[in-house]
Amino acid sequence: MKSTSLSLIAGAVALAAVTGFAALTVPGDGGATVAGAASRLPVERSSLLCPAPGLSDLAETTYTSFTPVAKSGDEAGTAELKSFTAAKKDDKEKTTKDKPAKDKAKDKSKDKAADTDKPVVALKEPGKPATADVSGSDAPALVGTATGRLAPGWTAQQTTTVEAGDSRGLLGVSCTAPDTDFWFPAASTAKTREDYVNLTNPDDTAAVADIELYGPDGTLKSDVGEGITVPAGSGVRVLISTLTSKAADDVTVHVTTRTGRVGAVVRTADSKTGSDWLAASAAPAGTLVLPGIPADATSVRLVAFAPGEDDADLNVKLLGKTGAFAPVGNEDLHVKSRMTAGVDLKNITRGEAGSLLLTPAQKDRATPVVAALRVVRGKGDKQEVGYIPATGPVGAQATAADNRAKGSVLSLTAPGAAGTVKVTASAGSKGGTPVSKTYKVAAGTTAAVTPPVPTGLKGTYALTVETQSGGPVHAARTLTLPQDGIPMFTVQTLPDDGGTVEVPTAEQDLSVLDD
């Protein structure tokens, strides 16, 4: 093996840090893979997409961008969220930098009408959130990239308040990384609902997406859900009730791409309970955790879907403050293959916050499923809806941005062994000193805590949860901002932020293999 192979190793490590994946095969050694214990390195680049909040002139939207303080590394970096128009303009400027001066002047004159070259939110340093406020229905979808020291764990939150109308509610969503496959249980085509799939394309070439709908009786056939073009650097909003003639209370939406990648999220609206974002469920799995059911929930509906060829039989348990129990009458759930199953758990919490755990009824038959909860708080004309999709554990760390001095509740649940996490309240966006606190979560329980608040807080702040020891802990943050007697709220789950990636570490000095 030549010494030049060492540069291949370095390249593989760098590739892993940027993309989250790298494999190394030694040339000239029979295709053998370099062995070694894996180590973790911080990512060097992260991408996020925020959907257009739109649909109401009364909307008030806050964008929050945050990166936790890293344990090491001083490399400079940037983290900017821009409107799609701005991002496209940046790309055009890169491709036209060699044009004659008169042509450049023409291009500038076309863009002069708007200040779209400036980022909507620009993060300056780790550990301190950056925010921006936008009013009305014209608030744009945002695309962003973080590099250098601002990339590991970069998180962005979009929070919209609509005080009146059919879109009334507190709508919160964590901006997502682009992908090619998304599952959304708990959507609906009912006449009382108006649910939109929001697709955003961050790349400079068009993406082509398919939207499949599944109701209680199986596929809701539609020709118009196939081959949806999402233009480069743009977004498309699709009203799912226009994709089928059949009205169904419980619908699972499956978004895939034939070419390219997109960000996808569903905006729901109900004439009685308001609106919120429905984020994608965790990937299909035999066991699912749905954390963060508020203590005062007046209605909880579980929606599940089995995408494979086999039916799924699930045990249903609520993990509460002191332990787990099966809800009477809903101890188990049968989910037929490719049919959406919904069950009304009513006021399952009975005044005690909790999390839902779905496990295979037979341990040797774990059929993959996806799931989400539709949660309602309040009564009569003062009801408000929120959604909790199944989610993975916090892993190394996870963050919820946009917390206020009051109104945040952090739910921590340990579905298996007991676990310990450290929760850090960042500096405030306009001032304040970080504060940390450690929580021990007993096995099979949920701890719903009022999280720490930065000392001398000014503005908003972020909460970062880090696993310290024990079994996996799942988490969700509930933000409540009451309005005219309505308990407006939104729930965001906290899966691992992917701030580090595993890369190979050689067990030997490869220079000794030089010819």
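**Charged and aromatic contacts**

Arg 258 is exposed, its relative accessible area being 52%. In this predicted model, Arg 258 forms a salt bridge with Asp 210, with 2.9 Å between the closest N and O atoms. The bridge joins distant parts of the chain, since Asp 210 belongs to strand S12 (residues 207-215) and Arg 258 to strand S16 (residues 251-259), 48 residues apart. Asp 210, in turn, is buried, at a relative accessible area of 15%.

A search of the whole structure returns 12 salt bridges. Among them, Arg 168 and Glu 384 meet through their side chains at 3.0 Å, N to O. Here too distant parts of the chain are linked: Arg 168 sits in the loop between S8 and S9, Glu 384 in strand S27 (residues 384-389), and 216 residues separate the two. Both of these residues, Arg 168 and Glu 384, are buried. Asp 402 and Arg 404 form another salt bridge (2.7 Å, N to O); Asp 402 is buried at 0% relative accessibility, while Arg 404 is partly exposed at 23%.

Turning to the rings, three aromatic pairs are found in the whole structure. Phe 182 and Phe 184 are stacked, with 6.3 Å centre to centre and 10° between the planes, and both are buried. Trp 183 and Phe 305 form a tilted pair, at 5.5 Å and 35°. Trp 183 lies in strand S10 (residues 181-187) and Phe 305 in strand S20 (residues 297-305), so this pair ties together parts 122 residues apart in sequence.

Finally, Glu 60, Asp 133, Glu 163 and Asp 484 form a negative surface patch. Of these, Glu 163 is located in the loop between strand S8 (155-162) and strand S9 (169-174).

Notes: Residues numbered from 1 in each chain as written. Predicted model: local features only at pLDDT ≥ 70, side-chain atom pairs only at ≥ 80, totals over all residues. Heavy atoms only, no water. Patch = residues over 30% accessible without salt bridge, like charges linked within 9 Å, V, L, I, M, F, W, Y side chains within 5 Å. Areas by Shrake-Rupley, 256 points an atom, 1.4 Å probe, with all protein chains shown as cover. Salt bridge = Lys/Arg side-chain N within 4 Å of Asp/Glu carboxyl O. Lys, Arg positive; Asp, Glu negative; His and termini not counted. Charge placed at Lys NZ, Arg CZ, Asp CG, Glu CD. Helix = DSSP H or I, 4+ residues; strand = E, 2+ residues; numbered from the N terminus. Phe/Tyr/Trp six-rings, centres within 6.5 Å; stacked < 30°, edge-to-face > 60°. Buried < 20%, exposed > 50% of the residue type's maximum accessible area, 1.4 Å probe, protein only.
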